[in-house]
Amino acid sequence: MGYYAGLDVALRSVVLCVVDGDGEIVMERALACEVSEIAECLHSFGKPIERIGFEAGTMSQTLFHGLKAAGFDVVCMEARHVSAALSAMMRKRR
């Protein structure tokens with residue numbers, strides 16, 4: 001089963017959420033917005049993270065390149081595209 005991480009990014013903090021392939025939340029953490037802290041938390045999860053996604057913003061470049069360098073597959077999404085994709089979904093998961 002695959003595991004996926006989503007980051008809700010602010011300037012100084014990040015809320016990290018890891019879900020399994022069924023969309024069930026398996027981990028949530030509030031962290032400092034530091035690549036090293038996020039990468040350490042994800043590596044300590046103990047299972048491979050298939051992809052990390054977050055919305056484009058002020059910290060996007062730093063997080064994208066830092067997490068890529070730490071060995072993760074990273075996707076940075078434009079807010080309008082995310083909104084359109086979620087609107088097109090028949091049912092949103094909680």
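Reader: Where is G21 found?

Author: This is a predicted model. In it, G21 is found in the loop between β2 and β3.

Reader: Which residues does G21 touch, not counting residues up to four places away in sequence?

Author: G21 touches M1, G2 and Y4. Take M1 as a case. G21 and M1 are 20 residues apart in sequence, yet 5.9 Å apart in space, C-alpha to C-alpha.

Reader: How do strands of a sheet pair?

Author: Strands of a sheet pair through backbone hydrogen bonds, either parallel or antiparallel. Now the cases here. β1 and β2 run antiparallel, joined by 7 bridges. β2 and β3 also pair in the antiparallel sense, over 7 bridges.

Reader: Which residues are bridge partners there?

Author: V14 has L31 in β3 as its bridge partner. For A5, the bridge partner is V18 in β2.

Reader: What is the strand order of the sheet?

Author: The order is β3-β2-β1-β4-β5. The sheet is open, has 5 strands and shows mixed pairing. β3 and β5 (74-77) stand at the edges with a single partner strand each, so one side of each lacks a neighbour in the sheet. On average, neighbouring strands are turned by 20 degrees against each other, direction ignored.

Reader: Where does α1 lie?

Author: α1 lies across β1, β2, β3 and β4. Against β3, α1 runs at about 155 degrees.

Reader: Which residues of α1 are buried, and which are exposed on the other side?

Author: Buried here means under 20% relative accessible area, exposed over 50%. The buried set is V35, I38, A39, C41 and L42. Seen down the helix axis, these residues fall within an arc of 160 degrees, so they line one face of α1. S36, E40, H43 and S44 are exposed on the other side.

Reader: What do the buried residues of α1 pack against?

Author: They pack against β1, β2, β3, β4 and α2. L42 gives a residue-level view. Not counting residues up to four places away in sequence, L42 touches A5, L16, V18, I49, I52 and F72.

Reader: How many residues does the largest nonpolar core have?

Author: The core has 23 residues. L16, V18, L42, I49, I52 and L67 have the most contacts inside it. The elements that give two or more residues are β1, β2 (13-20), β3 (25-32), α1, β4 and α2 (60-69). The largest share, 5 residues, comes from α1.

Reader: How many aromatic pairs does a search of the whole structure find?

Author: The search finds 1. Y3 and F45 form that pair, with 5.4 Å centre to centre and 70 degrees between the planes. Planes over 60 degrees apart count as edge-to-face, and this pair is edge-to-face.

Reader: Why does the pair tie together parts of the chain that are apart in sequence?

Author: Y3 lies in strand β1 (residues 3-9), while F45 lies in the loop between α1 (35-44) and β4 (49-55), so the pair links parts 42 residues apart in sequence.

Reader: Is Y3 buried or exposed?

Author: Y3 counts as buried, because its relative accessibility is 12%.

Note on methods:
Residues are numbered from 1 along each chain as its sequence is written. This is a predicted model: local features need pLDDT of at least 70, side-chain atom pairs count only at pLDDT 80 or more; totals for chains, interfaces and linings use all residues. Side-chain values use heavy atoms; hydrogens and water are left out. Rings of Phe, Tyr and Trp (its six-membered ring) pair if their centres lie within 6.5 Å; planes under 30 degrees apart count as stacked, over 60 as edge-to-face and the rest as tilted. Helices (H or I, at least four residues) and strands (E, at least two) are DSSP runs, numbered from the N terminus. Buried means under 20% relative accessible area, exposed over 50%, partly exposed in between (1.4 Å probe, protein chains only). A nonpolar core is a set of buried Ala, Val, Leu, Ile, Met, Phe, Trp, Tyr and Cys residues joined through side-chain atoms within 4.5 Å. Contact means heavy atoms within 4.5 Å. The arc is that of the directions from the helix axis to the C-beta atoms. Two strands pair if DSSP finds at least two bridges between them. Axes are lines fitted to C-alpha atoms, for helices over the stretch in contact, and angles run from 0 to 180 degrees between N-to-C directions.
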